[in-house]
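Please read this report with the sequence and the structure side by side.

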Amino acid sequence: TNTLGELTLASASSDSETVGASPPLRKKYRASVAEGAGGLGAAIGSAALSTVPHSVAHININNMQANGAGQGQDSELSCLNNSAQNGESSSAGEAHTNVNGLSTTNNGNSVSNNDGIPAPAASNNTVSSDANSVKKKKRLSQSEEDVIRLIGQHLHDLGLNQTVDLLMQESGCRLEHPSATKFRNHVVEGEWDKAESDLNELKALMHSPSAIVVSPTVLQLRMKFLLLQQKYLECLEDAKVLEALQVLRAELTPLKYNTERIHILSGYLMCSHAEDLRAKAEWEGKGTASRTKLLDKLQTYLPPSVMLPPRRLQTLLRQAVELQRERCLYHNTKLDSGLDSVSLLLDHACSRKQFPCYTQQILTEHCNEVWFCKFSNDGTKLATGSKDTTVIVWHVNTSHQLKLMKTLEGHAYGVSYLAWSPDDTYLIACGPDDCSELWLWNVQTGELRTKMSQSHEDSLTSVAWNPDGKRFVTGGQRGQFYQCDLDGNLLDSWEGVRVQCLWCLGDTRTVLASDTHQRIRGYNFEDLTDRNIVQEDHPIMSFTVSKNGRLALLNVATQGVHLWDLHDRVLVRKYQGVTQGFYTIHSCFGGHNEDFIASGSEDHKVYIWHRRSELPIAELTGHSRTVNCVSWNPVVPGLLASASDDGTVRIWGPAPFLDVQDAEGLNGKDLFDWSSYFN
């Protein structure tokens, strides 16, 4: 402080001697203050310097000494950042001292003016440090930290490591636990001894990947086994047989874990070359691919707070896209699990115009009521049966238009049920209650291969193919239930079962049959056992089963359409809207992944539901009498057929003209919000 006072006096004296004339008013006043007041300059200097950090003041003093010594004529002393000239501060928030004006500034607030008139000394409470002038960083919530880590992991996978470092530094987060990072690097580099040593550090952080609680010691054992297995395989691939044998005997075997796997690993010693080893072990070979796959397995034993699951952001995005598609009422195309085929910037929405709600074709070749229709398993043909005693087989061309292919005649009582063989070579036709005959046609040649009738008192109204394509079962409400070969020879029979509808399950042994006791029972023709599966309170007019054999769709008299889970034997859902009396109406699963259900109705409409929604998403009008049967093309999800007592078959498809946005499924809207009806 004394030095500052002396410098001020010396500066004033030097100025007056150099110029040789009366000093300017400012300098004259400063000189008079220095001469008349004695130590006032020192007091002012002390007050000024007390308001700046010690280090800044010290540097400014050194600068002032240098300026005074080197120039003499220049008493303008500046700060390091050249911020104090003529009493003006160069930047807000930067504490500095202007010696000429004896002003001290903090955060842009002047303590004394530039005319040299001192202000009262500022207290420590008035002038705070720079740290107090900087806003504290907002504390991140747990979800915000999670998002930052997910973004960091994705950027790391893209190779943007510098960006990741900056993101973690600025956010104050860490991508993963330091021990996990070290462990990851050692695994990727194939430093197995170090990676094994890292397990000791990670032991306290481990957790069980399943609901069953497992001790950290056991988890460490499992992780060690996976590491040593990789080490063993890499030694074998490098033809280091002795080292591999040492790993097997001295490291893997003493663990006394998964001895069955160790026996399999020991067998790999006999592999003659690396390709043989990779094939038998179903292993990618030494390198990044297999080690990354190993890390993915090891991560399951560590909580996400320590090491994130691999590609976690992509997994979450994929789940979000799939969930939107599953909740989309009109989504009827193949689900692409990749993210490249969708836009993450828009919600998924399909338009109703893409759905088979529009009449594309009306088939009028039948001259009486049409009782049944069924697409072939390969989707290239449609068979329709009518009261007019004919079966018409239609060909579905590449533009999804139907052309008459063959007419099969001679069914005296009419045709009320049809069944395609698994390979679509044969077609079986059944008649109504009074019909005791069954026709087996070769569709390609149009020839009748078998006309079967066991007794004139029989009623063969339903049929189902065994999945092996060599047998079928048939029956009716007069108590007949037969299993036959392709020539109509009787293989087995079940007495006293009044059959309404039949279905063969994929195990090739079990036959489902609805009977007059309002139930569906499972019959095994091999061991002659049966069991109850479904019990309704009203007559089951017809039923069909999903491709996976899990769900059954029932048309129940006076009740409508019911969905049953055959495995759990529970009623899943009752669909609303349809009018179902005592007519036999056949419903169906359909659309991609069989996500939809369609049924005819006695009110002349076709109803379509999403499998998870009890309310219909579409009501198709056009028929003028009861719709007896519907069939969804199993290959073309946008093609639906319906048969009616009005003598016509209608083919339903998407709207004939779609604009670009509808075709892309971006702006699809519906009149109602159906999401509340999903479970």
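## E144 in helix α6

E144 sits in helix α6, which covers residues 142–157. Helices here are DSSP runs of H or I with at least four residues, strands are runs of E with at least two, and both are numbered from the N terminus. E144 counts as partly exposed, because its relative accessibility is 30%. The cut-offs are these: buried is under 20% relative accessible area, exposed is over 50%, and partly exposed is in between, with a 1.4 Å probe and protein chains only.

Which residues does E144 touch, leaving aside neighbours within four places in sequence? They are K138 and R139. Contact means heavy atoms within 4.5 Å. C173 is 29 residues from E144 along the chain, and their C-alpha atoms are 10.0 Å apart.

## About the model

This is a predicted model, in which local features need pLDDT of at least 70, side-chain atom pairs count only at pLDDT 80 or more, and totals for chains, interfaces and linings use all residues. Residues are numbered from 1 along each chain as its sequence is written, and side-chain values use heavy atoms, with hydrogens and water left out.

## Helices α9 and α10

Two packed helices are described by the angle between their axes and the distance between the axes. Take helix α9, residues 192–202, and its partner α10: their axes are 10 Å apart, at an angle of about 180 degrees. Axes are lines fitted to C-alpha atoms, for helices over the stretch in contact, and angles run from 0 to 180 degrees between N-to-C directions. The two helices are therefore roughly antiparallel to each other. That label is for angles over 145 degrees; under 35 is roughly parallel, 65 to 115 is roughly perpendicular, and the rest is oblique.

On the α9 side, the contact uses W192, D193, A195, E196, L199 and N200. On the α10 side, it uses Q220, M223, K224, L227, L228, Q230, K231 and E234. By class, the contact has six nonpolar, three polar and five charged residues. Ala, Val, Leu, Ile, Met, Phe, Trp, Tyr, Cys and Pro count as nonpolar; Asp, Glu, Lys and Arg count as charged; the others, Gly among them, count as polar.

## Helices α10 and α14

Helix α10 spans residues 216–237, and helix α14 spans residues 288–299. Their axes come within 10 Å and cross at roughly 170 degrees. That makes α10 roughly antiparallel to α14. From α10, the residues in this contact are M223, L226, L227, Q230 and E234. They meet S290, R291, L294, K297 and L298 of α14. The contact divides into five nonpolar, two polar and three charged residues.

Is W192 buried or exposed? W192 is buried, with a relative accessible area of 9%. This residue lies in helix α9. Beyond four places in sequence, W192 touches V187, L227, Q230, K231, E234, R291 and L294. The C-alpha atoms of W192 and Q230 are 8.9 Å apart, though 38 residues separate them along the chain.

T217 belongs to helix α10. T217 is partly exposed, at 46% relative accessible area. Its C-alpha atom is 9.1 Å from that of M206, 11 residues away along the chain. T300 lies in the loop between α14 and α15 (312–327). T300 is partly exposed too, at 34%.

## Positive phi in two loops

Most residues other than glycine have a negative phi. H400 has a positive phi, near 65 degrees. This residue is in the loop between β9 (391–396) and β10 (402–408). H400 is partly exposed, with a relative accessible area of 31%.

L528 also has a positive phi, near 55 degrees. L528 is in the loop between β21 (519–524) and β22 (529–535). At 55% relative accessibility, L528 counts as exposed.

## The whole chain

How many helices and strands does the protein chain have? There are 16 helices and 33 strands. Of the 679 residues, 46% are buried. Among contacts with a separation of 6 or more, 48% join residues 24 or more positions apart.
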